[in-house]
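Please look over the notes below with the model open beside you.

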Amino acid sequence: MTNEPIAPDAPAGKARTSILVLDDEAIVCKRLKPFFQKAGYEVETFGDSGEALARVRERRFDVVITDLKMEGLDGLAFLGKVKELHKDTDVIVITGFATLETSRESFRKGVFDFVAKPFKLAEILDVVRRVEKERGLTP
Amino acid sequence: MELPSLTDFFARWRAKPPVPFSVLFKKFKSILERNNAILGLIGDMGDKLGGDYIFDRQYILDSCEKLGDQVFKLVSDLSLLCQRKNVGLFTAFERISHQIREELAGRRVLTRTDHILPLCDLTHDLADEGGNKMANVGDIRNILGFTVPDGFVVTAGAYFEAMERAGLRARAGALCDRFERGDSANWAGLAEAAAQLQKDILAMPLPKGLAKSVKLAAKRLAAEGGQFLAVRSSAWGEDGESSFAGMYESVLGVAAENILTAYRTVLASLFCEQALRYRLHRGLSKEEPAMAVGVMRMVDARVSGGLYTYVPLLEHDQPMVVSAAWGLGKPIVEGTAETDTFLLGREPPHELLSSEIGLKTTRLARDAAGGTRTEDVPADLAASPCLDKDQLVLLAKTAMSLERFFKRPLDVEWAFTSEGELIVLQARPLSIKPKICTPGPDVAEATKDVPVLISGKGVPAMGGVSAGPVHIVVEGADLADFPYGAILVTHHSSPRFARIMPKCRGIITEMGSATGHMATIARELRVPTLVGVSDATRILREGQEITLDADHIVIYEGVVEALCRYELGKEDVFEESWEYRTLKRVLRHISPLTLLDPDADSFSPEKCKTFHDIARYVHQRAVDKLINLSEEHREIKESAPHRLVTKLPLGLTVIDVEGGLRRGAPGEIREEDVLCRPLRALLEGVNASGMWETCAVAVDMGSFMSSVTRTMTASQSHPTTLGRNLAVISEEYLNLHLRLGYHFTVVDAYLGESVNDNAVLFRFMGGVTDFTRRSRRAGLIAAILERYDFVVKITGDMVTGRAKKHPEADMLDKMYMLGGLIGYTRQLDARLGSDDDGRRHFEEFVQRINALREARQ
């Protein structure tokens, strides 16, 4: 009984909406990843904004879900960079402290929507589905 | 900010009494508002355990802080209202806050100074004290109800104390650091240091108190029958997210007098080189290691073995494998014995897929002199199977119950005694992962073409995925024949389902709340549960195979293998996360209401165990104070009438803030004098014919009176002084606090000019009957409120219903209904002997009140 590697992803060729989740609270990543995977998304999660940014430089995601308040590069700066790199990536901000100032700033930077923490799983899924609808990502 | 004004206030109070009534009344109102805000916060925090929400550490910290702040202000408000310092209440607040802070800091206050934790008290909530492995055993015994060997744990706290006293704790920490930084060139040096530390631990003196209590506990355990003991490791992290399987020491066949040597042996194994390397490999080096030690009575096993609930064999579909041999289990687990091997289906009836009978010529047995010895097996036994079919099925059922609880494939060690009793020795997660658990196509693909029976309806009370046949339980049905492995589908949620939860794979109810009693029990047992799935009993058919995905709120037709396997293969189990466990633990100091009877001696600040208790206490005292004020305060006493004579003895004191009573009404007022519209409508409902007398059990006025007065003193119960219920009114406002028997009802209603301001709040709690009846009553009241368009929330057995922004006529109609409800539900608990009664009362109430409402309109 040995540890086997994770089964390969679904057959290639079927484009699935890709999501990057960035939150320094590990629990958020741990729960969103299987939830979105089960709902048919391709998901990568990061607890560190530097690592997430490096990944965004490597490839484009359809949706980025990020917390605002983090150590190091904060969420606002991160989402700015994401938008610089990939204009057509939609960013959803999840945060426990949304001040008027940060939300104004986020929307100025082109955030798709804000979801206040704590949130229901169905809520965040709804927002992602709205992105898909507006971008024509759903079949 | 708070303190200077407090001082000012007292100074003013002393200087020129009395404080104007309007000032005190404002304080009273702010207490009510704060009380509502606190109960709302508590309910919100409880909701988060349902699995429906994503919340993080910050949320827990913020909520606790916000709540603590509100409760502190509430207590301060009461001090101002009563012009008393309330030292006892502040002390209770400080005590509870301290407990919450300790929980948040991860410091469990060790209530057992002797460091001994009996197995009967151990569950996962105490995993930090008992270690993971023994906490698992504790859950198996105390939550799931299976038999495990008797025993106790020497806590992780004991380890720290012993190491600290022997001056070894710092060295152990330094050694772990060195391992973390260690390069391969230095391995030899590190191994040597580890060996030396182990030697020193084996020789270290134990603190006297600890040694004494360990010896005493071992002696007691041995003397009760088992003579010899098994001493097992239960380190932090062992058998949890990491396994450390087989790295730490277990000592078997220990006589009570040798317990300390065995204890040290297990402690020392914490620093065996293999475990240190494993820690490094798993990235655990930064955490200080700790070893709790389990001491259990040796089982005189006739047959023992291991069971994997999931094996990666391609030729069989989802088998589980059992290895078994005669005697004690150690050689089987270590793989040195010849065994029988059985493959069984994971699904009931757990069909025997194959069996391979080994030639078991020797067995390990307990030695009369202590320890164990290998002995020959009689020839006729050696070649025969050591388990029969019934035993295999019992094992399979037990193992699957464990797997559903731990939400992972498991490695279960078990034994059958010579009396044929199955004893679970331990269960640890199997580290076989994804390939077997998510074979073939991706999980989302797999569910794509599966017919969906219900989607998006209901609220998860406990997340997770499970599959099985539907069993619809109608009210009053006998639960004794609930089929093993089925999914319970029913109308109302009820804590009486607790009995069958170990047998059932999932729960779907049409009504009920994610914070009610049943939900709490479902979470304790980790049974995936959806509540509020309307029409579930109509859509789902008896015996139909379904897959319930409570996380995504979807019910699929048939068994969706990929989904179930995906669930088992998930890396993290939410219920084991720090966030989940911590929220659950802090809520224990926040949410339960233990102060039930305001007339009991125990209704005191000293007895407040939770923030909810404090809120309840303050609320009651504030209402009492206002009633006193209305009787004694100069401004009120001399001018306003205040005792309302009602047709039914409600004992109501009325404080009219503005325009709620007819001008010039005499000191004793009658219902006709009431101008307050919400109160008039409510009284009409209370008085409406049939709302008091229609109860299933006839209750005459005399017994009603006795329920009101049974705990009051003789002078209080005299009709002229009876008047301890309070209504604060104006023409459009009613704030009612009604205590009938042990029930406590709050109604807060405002019906003004603008529809947007119209709001009614109804809250019901208390009662001293058993848990099940109170919970049934809560369910019934919630159902009735929902029927009349209230938004309802149940927290424990407290029901809160809110209706907002309905036109005035509608709102008055609701007040009328509430009046009827207050009359109807008084003493109702006693008549809620079964769930069936609940349904019947719902229908009866709705029918009667509707007839009355129509006639009225």
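1. In chain B, 67% of the contacts with a separation of 6 or more are between residues 24 or more positions apart. Two residues are in contact if their C-beta atoms, placed from the backbone, lie within 7 Å. This is a predicted model: local features need pLDDT of at least 70, side-chain atom pairs count only at pLDDT 80 or more, and totals for chains, interfaces and linings use all residues. Residues are numbered from 1 along each chain as its sequence is written, while chains are lettered from A and ligands numbered from 1 in the order in which they are written.

2. Chain B has 857 residues, and 49% of them count as buried. Buried means that 20 or more other C-beta atoms lie within 10 Å of the residue's own; exposed means 12 or fewer, and partly exposed is in between, with C-beta atoms placed from the backbone. The chain holds 28 helices and 31 strands. Both are DSSP runs numbered from the N terminus: helices are H or I with at least four residues, strands are E with at least two.

3. Chain B is divided into domain 1 (2-108), domain 2 (150-297), domain 3 (301-417), domain 4 (436-570) and domain 5 (640-856). These bounds come from an automatic or database domain assignment. Domains 1 and 4 of chain B touch, with seven residues from domain 1 and 11 residues from domain 4. On the domain 1 side there are one nonpolar, four polar and two charged residues. Here Ala, Val, Leu, Ile, Met, Phe, Trp, Tyr, Cys and Pro count as nonpolar, Asp, Glu, Lys and Arg as charged, and the others, Gly among them, as polar.

4. Now take a helix pair. The axes of α3 (57-82) and α4 (87-104) of chain B come within 10 Å and cross at roughly 175°. Axes are lines fitted to C-alpha atoms, for helices over the stretch in contact, and angles run from 0 to 180 degrees between N-to-C directions. α3(B) and α4(B) are therefore roughly antiparallel. Angles over 145 degrees count that way; under 35 is roughly parallel, 65 to 115 roughly perpendicular, and the rest oblique. Residues of α3(B) in the contact include Leu61(B) and Phe72(B); among those of α4(B) are Phe93(B) and Ile100(B). By class, the contact has 10 nonpolar, two polar and no charged residues.

5. Which strands stand at the edges of the six-stranded sheet? The sheet is open and antiparallel, in the order β10-β9-β8-β7-β13-β14 (chain B). β10 (352-356) and β14 (422-429) of chain B are the edge strands; each has a single partner, so one side of each lacks a neighbour in the sheet. Two strands pair if DSSP finds at least two bridges between them. Seven bridges join β7 (301-308) and β13 (410-417) of chain B. Leu307(B) stands opposite Val412(B) there. Helix α14 (389-406) of chain B lies across this sheet, at about 140° to β13(B).

6. Finally, check β19 (506-509) of chain B. Both of its faces are covered. Gly506(B) and Ile508(B) on one side are buried, and so are Ile507(B) and Thr509(B) on the other. β18 (487-490) of chain B runs parallel to β19(B), joined by four bridges. Val489(B) has Ile508(B) as its bridge partner. β20 (529-531) of chain B is also parallel to β19(B), with two bridges. There, Ile507(B) is partnered by Thr529(B).
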